[in-house]
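Dear colleague,

I am handing over the structure below, and I would be grateful if you could look through it before reading on. My notes on what was found in it follow directly after.

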Amino acid sequence: MKKITFDEVVKLFNEIYEKKLEHKQAVIVFTEDSFDKPYSLEQRSYEISSNAKVFNPNAIGFSLYGDCLDGVDMGIRLEWYMDYYSNKDGWKVDYCYLIEEQEAK
């Protein structure tokens, strides 16, 4: 697994839309201090897809849904919680990584 920044994910996923490439999945891992109680690495990790509206400049809406890797929180509107978007005191991205074909669901 190669760690990358969320900015790198955004750049890559925007390019996927622009060039109409095959969609990819990534995982966002949020920092431990983003939460008011301890969560495991798996509980702080959310899978996202490049087909999310936030990466599509032509989309009517603006959403980034993610599924927690622990299987509990599914379909969470991450852009509501992330400091990267609208919540300045929200969840901070620690790092991201791309899911390779053989690892994908």
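Is Tyr39 buried, partly exposed or exposed? Tyr39 is partly exposed, with a relative accessible area of 31%, where buried means under 20% relative accessible area, exposed means over 50%, and partly exposed lies in between (1.4 Å probe, protein chains only).

Before the details, some words on how to read them. This is a predicted model, in which local features need pLDDT of at least 70 and side-chain atom pairs count only at pLDDT 80 or more, while totals for chains, interfaces and linings use all residues. Residues are numbered from 1 along each chain as its sequence is written, and side-chain values use heavy atoms, with hydrogens and water left out.

I begin with the sheet. Five strands make up an open sheet with antiparallel pairing, and their order is 4-3-2-1-5; here helices (H or I, at least four residues) and strands (E, at least two) are DSSP runs numbered from the N terminus, and two strands pair if DSSP finds at least two bridges between them. Strand 4 (76-77) and strand 5 (93-99) are at the edges with a single partner strand each, so one side of each has no neighbour in the sheet. Helix 1 (residues 6-19) packs on the sheet, where the helix touches strand 1 (25-30), strand 2 (45-49) and strand 5, contact meaning heavy atoms within 4.5 Å. The direction of helix 1 makes about 40° with that of strand 5; the axes behind this angle are lines fitted to C-alpha atoms, for helices over the stretch in contact, and angles run from 0 to 180 degrees between N-to-C directions.

The pairings can be followed strand by strand. Strand 1 and strand 2 are antiparallel and share five bridges, and Gln25 stands opposite Ser49 in strand 2. Two bridges link strand 2 to strand 3, again in the antiparallel sense: Glu47 has Asp67 as its bridge partner in strand 3, and Tyr46 has Cys68. Strand 3 (residues 65-68) is in turn joined to strand 4 by two bridges, with Tyr65 partnered by Arg77.

How are the two faces of strand 2 covered? Ser45, Glu47 and Ser49 on one side and Tyr46 and Ile48 on the other are all buried.

I turn next to the aromatic residues. The whole structure holds 11 aromatic pairs, that is, rings of Phe, Tyr and Trp (its six-membered ring) whose centres lie within 6.5 Å, planes under 30 degrees apart counting as stacked, over 60 as edge-to-face and the rest as tilted. In the pair of Phe35 and Tyr39 the ring centres are 5.2 Å apart and the planes stand at 70°, so this pair is edge-to-face. Phe35 is buried, at 16% relative accessibility. Tyr46 and Trp91 form a tilted pair, with 5.7 Å from centre to centre and 35° between the planes. Because Tyr46 lies in strand 2 and Trp91 in the loop between helix 2 (78-81) and strand 5, this pair ties together parts that are 45 residues apart in sequence. Both partners are buried, Tyr46 at 3% relative accessibility and Trp91 with a relative accessible area of 14%. One aromatic cluster is formed by Phe30, Phe35, Tyr39, Tyr46, Tyr81 and Trp91.

Two loop residues also deserve a note. Ser34, in the loop between strand 1 and strand 2, is buried, with a relative accessible area of 13%. Leaving aside residues up to four places away in sequence, Ser34 touches Trp91 and Lys92. Leu64 lies in the loop between strand 2 and strand 3 and is buried, its relative accessible area being 0%. Again leaving aside residues up to four places away in sequence, Leu64 has contacts that include Phe6, Ile28, Ile48, Val54 and Tyr85. The C-alpha atoms of Leu64 and Trp80, which are 16 residues apart along the chain, are separated by 8.6 Å.
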